[in-house]
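Subject: Structure for you to look at

Hi there,

Here is the structure I said I would pass on, with the sequence alongside. My notes follow below, for whenever you have a moment to go through them.

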Amino acid sequence: MSPVITFPADAAGRPSSSAFGRSVVADALRAVSPEAADAAAAESDWRRGYLRHFVQLIKAGMEYDGYTIASAGLASVHERMPVPIDEPGQPLETVTVEGSEKPSREVSLPYRGETLKGAGLDRQLDKWVAAGVIEESCATAVRAVRDNPDWLDLSDQQLVVLGAGAEMGPLPAVLDWGATVIGVDLPRVEERISALAARSAGRLVMPRGVDLLEDVGGLAHWLADRPRGRLTLGNYVYAPGAAYTRLSVAVDALAAYLKKVRNDVALAFLATPTDVFAVPPAAVAQSAERFRERSRLARVTGALSGGRLLQPNYPGGADPGINDSLVPQQGPNYALAKRIQRWRATLARRDGAVSFSVAPPARTKSVVSNRVLAAAYAGAHRFDVEVFEPETANRLMAVLMVHQLRNPRPAAEQAWRDEAIEAAHGGLWRTAYHPRTALGLAAVRGFLG
């Protein structure tokens with residue numbers, strides 16, 4: 001087995017996720033802006049000060065070159081935390097579970113006790129677009145898949161779902177559509193996903209007992225030897241705290257290895273909405289209009305708070321705008337783990353198919369286990385933000401994955417433009433207020449509710 005993937009030592013000789021994150025962000029920025037890089041490297045309190053440097057990564061990507069930043073960031077990641085992937089490790093035991101149901105060829109979404117399809121799905125997509133919950137391109141993509149039901153036949157794909165048991169992952173949807181899925185997750189999850197597959201129309205192939213932090217090399221060689229034909233590697237892994245960064249590094253090394261040894265690899269990611277994105281002018285315009293029309297109470301609250309509460313989401317005249325929805329409670333390790341995924345999607349889009357969409361905020365167990373975030377999500381609708389149930393969100397994102405794999409597009413000249421396409425951000429891009437200046441009030445509303 002490969003040794004455990006861990007953080008390099010800091011100046012005191014101890015493994016440090018903060019030192020690693022600070023150095024990686026500084027290295028990524030140094031490729032285009034030495035001044036911004038020096039500021040990140042000098043940040044003394046990374047756990048609280050990381051926010052502005054992650055914003056700066058996006059600003060620098062808009063001003064200079066996002067591809068250069070992504071390349072430098074990933075180079076730093078793997079130089080500072082090398083992943084031993086060349087050794088094949090022990091042979092993997094595999095289990096196959098065959099479903100017995102008939103495959104579905106219809107796009108449908110479970111939503112608030114109903115199943116949306118046909119005209120009902122159309123109406124809800126229109127409502128979400130009008131409310132600023134999803135971008136118009138997202139609705140267009142869903143309709144395209146609905147109008148081409150043969151796209152749901154994934155027999156020409158080998159779908160690898162890393163984190164197969166994840167609440168936001170595509171496993172339930174693609175099994176419902178009859179796909180053959182290679183599902184990878186920890187042993188404690190295997191029984192649950194096996195039962196799901198047995199009740200489905202699909203086929204689950206499961207390499208047993210794979211821990212990506214212990215034996216990513218073994219999985220890499222096993223996947224490299226799979227039959228030729230498009231291999232789509234989907235990253236849906238999650239772990240709390242610093243382990244999430246380590247997992248993202250392991251999966252990124254796996255993706256890079258497979259793309260090196262095979263010429264038929266596509267990648268799939270879900271972006272978190274609680275991050276920083278450059279957003280289109282239409283999102284800025286709707287947000288600005290909502291801010292102008294805010295209530296008298298909101299105006300007074302903002303004025304009396306000394307600039308801490310209910311501030312505008314974007315400065316006047318922003319084009320494009322920068323949406324900063326980072327949530328301090330999620331911390332710098334979460335932010336870096338998701339940024340590593342974004343960097344890989346950015347680079348891979350230039351030489352192959354990539355599915356990458358901003359997913360909506362959802363009431364997953366990892367979120368609602370934090371009382372503040374759970375309360376904020378409960379009160380988010382007061383600020384024009386819709387929080388999805390996981391079963392709605394994961395089905396929606398699976399449909400978008402199908403659309404993007406069936407319709408690969410060339411990389412944009414500016415990397416940030418690709419990230420705004422087909423986004424289902426839940427309204428965070430179009431709410432009137434900078435999310436962190438409304439988070440506390442949303443949590444109060446949630447606690448009271």
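**A buried glutamate, and what else turned up**

Glu135 counts as buried because its relative accessibility is 5%; here buried means under 20% relative accessible area, exposed means over 50% and partly exposed is in between, with a 1.4 Å probe and protein chains only. Before going further: this is a predicted model, so local features need pLDDT of at least 70 and side-chain atom pairs count only at pLDDT 80 or more, while totals for chains, interfaces and linings use all residues. Residues are numbered from 1 along each chain as its sequence is written, and side-chain values use heavy atoms, with hydrogens and water left out.

Back to Glu135, which sits in the loop between helix 5 (118-130) and helix 6 (136-147). Helices here are DSSP runs of H or I with at least four residues, strands are runs of E with at least two, and both are numbered from the N terminus. With neighbours within four places in sequence left aside, Glu135 is in contact (heavy atoms within 4.5 Å) with Val129, Pro280, Ala420, Ala423, His425, Trp429 and Arg430.

**Domains and cores**

The protein chain is divided into domain 1 (1-82) and domain 2 (95-277 + 321-448), with bounds that come from an automatic or database domain assignment. Their C-alpha centres are 25 Å apart, and the contact takes 33 residues from domain 1 and 41 residues from domain 2.

The largest nonpolar core has 86 residues, and Leu219, Leu223 and Leu254 touch the most other members. By nonpolar core I mean a set of buried Ala, Val, Leu, Ile, Met, Phe, Trp, Tyr and Cys residues joined through side-chain atoms within 4.5 Å. Helix 10 (residues 242-261) gives the most to this core, with 10 residues. Since domain 1 and domain 2 both give residues to this core, it lies between them. Not counting residues up to four places away in sequence, Leu219 touches Leu92, Leu162, Val184, Pro207, Val210, Leu212 and Leu254. Another core, of 54 residues, lies apart from the largest one and has Leu175, Phe388, Ala393 and Val402 among its members.

Two more residues are worth a look. Phe20, in helix 1 (residues 17-30), counts as buried because its relative accessibility is 1%. Ala242 is found in helix 10 and counts as partly exposed, because its relative accessibility is 26%. Again leaving aside neighbours within four places in sequence, Ala242 is in contact with Phe7, Ser17 and Asn333. Ala242 and Ala337 are 95 residues apart in sequence, yet 8.9 Å apart in space, C-alpha to C-alpha.

**Cavities and a pocket**

How many cavities of 30 Å³ or more does a search of the whole structure find? There are six. On a 1 Å grid over the protein atoms alone, a cavity is a set of points where a 1.4 Å probe fits but cannot get out, a pocket is an open set with protein on both sides within 12 Å along at least five of seven lines, and lining residues have an atom within 4 Å of a point. Grid points are joined across faces, edges and corners, and a volume is the space filled by probe spheres set on the points.

The largest cavity has a volume of about 260 Å³. It is lined by 20 residues, of which Ala380, Val385, Leu428, Pro435 and Leu439 are the closest to its centre. Helix 18 gives the most to this lining, with five residues.

The second largest cavity holds about 180 Å³ of space. Of its 14 lining residues, Leu57, Ile58, Gly66, Trp343 and Glu419 are the closest to the centre. This cavity lies between domain 1 and domain 2, because both give residues to its lining.

Finally, the second largest pocket has about 340 Å³ of space. Its lining has 16 residues, with Ser295, Ala298, Arg382, Phe383 and Tyr433 nearest the centre. Helix 12 (296-304) and helix 18 each give two or more residues to that lining.
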